[in-house]
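Me: Hi! I'd like to go through this structure with you, a bit at a time. Can we begin with the ligand?

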Amino acid sequence: MARRIAVIGSGYVGTVVAACLAHIGHRVVGVESDEGKLAQLSEGRAPFHEQGLDELLSAGVQAGRLSFTSEVGPAVSESDLTFICVGTPQGPDGKADMSAMEEVARVVAPHLRRPHIFVNKSTVPIGSGRWLSSVIADAAGDHKVASLVRVVSNPEFLREGTAVTDYLHPDRVVVGADDALALEEVIEVYQPILDQSFSGAGSRGIVPLVKTDLMTAEMVKYAANAFLATKISFANEMARFCELVGADIQTVTAGIGLDRRIGPRFLSAGLGWGGSCFTKDISAMIATAGEYGYQARLLEAVMGINSDQRHLVVEKLLRHLKNLRGARIALLGLSYKPGTDDLRDSPGLDIAQRLIERGAFVAAYDPVVREVPNATGVRVVRDAYAAASGADALVLATEWPQFVDLDWRRVRAAMDGELLLDGRNCLDPVRAAEAGFVYEGIGRRMAARPARDEAA
Ligand SMILES: NC(=O)c1ccc[n+]([C@@H]2O[C@H](COP(=O)([O-])OP(=O)(O)OC[C@H]3O[C@@H](n4cnc5c(N)ncnc54)[C@H](O)[C@@H]3O)[C@@H](O)[C@H]2O)c1
């Protein structure tokens, strides 16, 4: 049955949630406080790059099932359920900054007249469900209002770049609540996704449902991100071993990934993860553990290894170029991963800044990122060849598929130097050498020399 749903926060998650819930038949109002984003959304356009999202947005808006507003109160009071998708960025103490969520709670409080279900999709510290009821009651100035608030945790696992597909065809749906009726109500909202019965779903089979209590659902999200991040840092530690002993990480990860107990995904050695989630969520876990007097040593190591991978590029450049002052570096890739224009905690941008701090000049190209904050000092150029022009070395920071198919001889011809640092191990070292590069990846068996050296 179609429900009236408010989705608060129309960022990377909220916009996808709103568009997809409208697509499966619900009547959705998305709430967004940023006027610029709101104007684009109201025209059925996403304020960021995400495959397939514009189509869903415009279809929803045209069908009259999807609208956007800046008014939280009316959106909530006219809905059966409210999905909360505001940001929970990392605060200065490592914990999640809950101020946006607190603001939402305070704004909705005066509008609550009857029981209402709040579905929490933001990643929040364990125990935030109960906290939300208390903040709303506190803001309403009436402790009885807490009894109107039903909180359901429904963590989101979508990946930017494939967010629409991930939301409509998830590996699982996790819902947790201490109120059985509220839980069933949210499961009802998801029924078209759970049984893949919405229009155009195809025949992918039933989606598993994990039904649990509030705290456990909140914990599932953190544990999932912690595990994925651990896999990445594990691969990167193995890449360090490979560099030390002369083995090849690509073959090592292929060799272990074929073991079904391990699996091949999230085992790519390189510059490590970026994006808005892993670093902040793992920092929040470490901070939470600390509050209980527990030291999350594995997670601390996972974070440390990830940070070291970014420094590794600087070390490699220093080893080859000896001095970075005045060096011209071409950077390919600014978004934290392919398929998105999201720059949050982007390894490419971070590395660029580390290089600029050491006196280097960085010219960067990214297929979708057209500008970066001026303060970074990075010059964004129109294509890979312009980035390479006059460069002493080139760093590939994001594995956009189109980089593999570049005319690498032309890239090399544009450069002054011959060093190609493949921070994502996505290029063929032999082809790079044939194009005239000194190629170096992360944990690959050997640095490939240009073809002319081999012939000599
Ligand atoms: N981005 C991801 O890939 C991803 C995946 C899973 C979970 N998450 C979690 O989802 C949450 C949201 O992440 P995001 O990447 O979408 O963040 P975001 O910053 O892109 O979006 C948050 C949006 O909420 C809006 N907002 C803030 N306060 C508001 C208010 N009071 N009223 C209306 N709008 C308001 C902001 O303007 C912004 O557009 C976070 O907790 C994050 O950890 C993110």
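Reply: Happy to. A residue is near a molecule if one of its heavy atoms lies within 4 Å of it. Keep in mind that this is a predicted model.

Me: Good to know. How many residues surround the ligand, and which are the closest?

Reply: The ligand is surrounded by 28 residues, and the closest are Val 13, Glu 32, Lys 37, Thr 88 and Lys 280.

Me: What does Lys 37 do with the ligand's oxygen atom?

Reply: Lys 37 places a polar side-chain atom 2.6 Å from an oxygen atom of the ligand. Thr 123 uses its backbone instead: an N or O atom there lies 2.9 Å from an oxygen atom of the ligand.

Me: And which residue has a polar side-chain atom by a nitrogen atom of the ligand?

Reply: That's Glu 160, with a polar side-chain atom at 2.8 Å from a ligand nitrogen. As for cover, the ligand has 830 Å² of accessible area on its own, and the protein covers 88% of that.

Me: Nice. Which elements give two or more residues to the shell?

Reply: Those are helix H1 (12-23) and helix H5 (99-108). H5 gives the most, with three residues.

Me: What about the domains and the kinds of residue in the shell?

Reply: Domain 1 (4-209) and domain 2 (213-456) each supply at least three residues to the shell. By type, the shell has eleven nonpolar, nine polar and eight charged residues.

Me: Changing topic: how many disulfides are there?

Reply: The count is zero. For this count, the two cysteine sulfur atoms would have to be within 2.5 Å.

Me: One more. Where does Asp 166 lie?

Reply: Asp 166 is in helix H7, which runs over residues 163-168.

Me: Is Asp 166 buried or exposed?

Reply: Buried, because its relative accessibility is 13% and the cut-off for buried is under 20%.

Me: Which side chain does the Asp 166 side chain contact?

Reply: The side chain of Arg 159, through a polar contact at 2.7 Å.

Me: Great, thanks!

Terms used: Residues numbered from 1 in each chain as written. Predicted model: local features only at pLDDT ≥ 70, side-chain atom pairs only at ≥ 80, totals over all residues. Heavy atoms only, no water. Polar contact = N/O pair within 3.5 Å; in protein donor to acceptor, adjacent residues only side chain to side chain. Areas by Shrake-Rupley, 256 points an atom, 1.4 Å probe, with all protein chains shown as cover. Helix = DSSP H or I, 4+ residues; strand = E, 2+ residues; numbered from the N terminus. Nonpolar A, V, L, I, M, F, W, Y, C, P; charged D, E, K, R; others polar. Domains from an automatic or database assignment. Buried < 20%, exposed > 50% of the residue type's maximum accessible area, 1.4 Å probe, protein only.
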